[in-house]
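I open this notebook to record what I looked up in the structure. The entries follow in the order of my reading.

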Amino acid sequence: MTPVRHAFASEMGPLVRLALPLAIAQGGQALMGVVDTAVVGRAGALQLAGTGLGNVLFMALAVFGMGVMHGLDPLVSQALGAGDPRRARRVLWQGIWLAGGLAALLAVPFLLAPSTLVPLGVEPTVAREASRYLLWRLPGLPFFLSFFAGRAYLQALG
């Protein structure tokens, strides 16, 4: 084996062990939308339209929270790289508190978003279904954001 090929092969195993659980987690999140569509699609076109619109609104707002939570990745990695696991655990707990506070702040636009749908030309029945979807999805937002704090910690641990 050539030195370059040997280096590539020796790095590939650890890379796959690190990346595979992350890829499965991301795939699972994407698959939730497919399952939602399959389940709600059986209820009817109106429910499917409301769920689809509600999911788009949820993700549009949640992406902001996800971006903030991704800021934990380097903090946890720096703490562990400096040999300070206690600080890394502290960042994890601060991230969980941050997820709760961020979810509380994002609840305001989540609650206001449905009232803007009808003036934007969305049918009132679809807007009502989207509003119901958002209200049911809102309690899970702190846990959704806390996932990113736990993921940052576990990813840094390797």
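What percentage of the 158 residues in the protein chain is buried? I noted that 28% of the 158 residues are buried, where buried means under 20% relative accessible area with a 1.4 Å probe, protein chains only.

I recorded that this is a predicted model, in which local features need pLDDT of at least 70, side-chain atom pairs count only at pLDDT 80 or more, and totals for chains, interfaces and linings use all residues. Residues are numbered from 1 along each chain as its sequence is written, and side-chain values use heavy atoms, with hydrogens and water left out.

**Overall form.** I found 6 helices and 0 strands in the protein chain; helices are DSSP runs of H or I with at least four residues, and strands are runs of E with at least two. I looked up the extent of the C-alpha trace, which spans about 65 × 40 × 20 Å along its principal axes.

**Contacts in sequence.** Of the contacts between residues at least 6 apart in sequence, I noted that 82% join residues at least 24 apart; contact means heavy atoms within 4.5 Å.

**Helix 2 and helix 5.** I read that the axes of helix 2 (residues 45-69) and helix 5 (residues 124-137) come within 7 Å and cross at roughly 55°. Axes are lines fitted to C-alpha atoms over the stretch in contact, with angles from 0 to 180 degrees between N-to-C directions. Among the residues that meet, I listed Leu53 and Phe58 in helix 2, and Val126 and Tyr133 in helix 5.

Definitions and conventions: Buried means under 20% relative accessible area, exposed over 50%, partly exposed in between (1.4 Å probe, protein chains only).
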